[in-house]
Amino acid sequence: MNLKRHIFSSQSDLTNNLAQSILGQLSDAIQERGLATLAVSGGSTPVPLFQALSRIDFDWAKVTIVLVDERWLPNDDERSNERLVRQHLLRNHASDARLIKVYSEAPSIEKGVADLEQRLDNLSWPLDVTILGMGTDGHTASLFPDGDQIVSGLDPHGRSRVTPMRAPSVPEDRVSLTLPAISGCPNVVLHITGDEKIAALNAAMSSNNDNELPIKTVLEACNDPKLFWAP
């Protein structure tokens, strides 16, 4: 697996370059079939990227945004990824983009995932651009090493695009795109910052342990994934 590394001296340089790369790939998709799909992650790392994208004049009305993963919380909860995306990305020029809701008020997360599968069926697959994050424990999306559905979530032959996920290491139930839903995308980017995360990534990628960390499994399944990193 060839992970192409884009290393920047500052987070602002990373943000500007990644934003332009994303828009170039979305533009190619729009030219090819008239629409584009962008999958994004939550957390604090992508906030400057979201803000930068929102300020760029682009044909956002032809872009559909979906979350790579979500905490199973109402979208007005401060820990909701949907809330984060609405606050920082779906504003300014990018307010015209369409967001696929991930959370629902279904009686259980399993029934909610069934509803979400139907919603996602209406998208054009594979996704055009997917921006992943990573935790220092080696998780990406909500594919946690200690997750109860990690085996099915990382099954390269799995037929589901989303999976529920519960893990002792996190307080809330989660829903996550699965390995096939992520790896089918032709433009997968791992966006991380800081020395701690690059050290964790390097350790995960160089490990020969039979129990590979999710980030390694996912990246190795992708076609020419890219790393965008800054201190």
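**Cavity lining and sheet**

Biologist: Which elements each supply at least two residues of the lining of the largest cavity?

Modeller: The model is predicted, with pLDDT of at least 70 required for local features and 80 or more for side-chain atom pairs, while totals for chains, interfaces and linings use all residues. Numbering starts from 1 along each chain as its sequence is written, and side-chain values use heavy atoms, without hydrogens and water. A cavity is a set of 1 Å grid points, over the protein atoms alone, where a 1.4 Å probe fits but cannot get out, and lining residues have an atom within 4 Å of a point. With helices (H or I, at least four residues) and strands (E, at least two) taken as DSSP runs numbered from the N terminus, the elements are strand E3 (63–67), helix H4 (109–121) and strand E8 (174–177).

Biologist: Which element gives the largest share of that lining?

Modeller: The lining includes Val66 and Leu67, Leu116 and Leu120, and Val175, Ser176 and Leu177. The largest share is three residues, and these come from E8.

Biologist: Which strands stand at the edges of the open sheet of seven strands?

Modeller: The order is E1-E10-E9-E6-E2-E3-E5, with parallel pairing (at least two DSSP bridges between two strands). Two strands have a single partner each, so one side of each lacks a neighbour in the sheet: E1 (4–7) and E5 (98–99).

Biologist: Which residue of E3 stands opposite Thr37?

Modeller: Strand E2 (residues 36–40) runs parallel to E3, and five bridges join them. Opposite Thr37, E3 places Thr64.

Note on methods: 1 Å grid on protein atoms, 1.4 Å probe; cavity = no way out; pocket = protein on both sides within 12 Å on 5 of 7 lines; lining within 4 Å.
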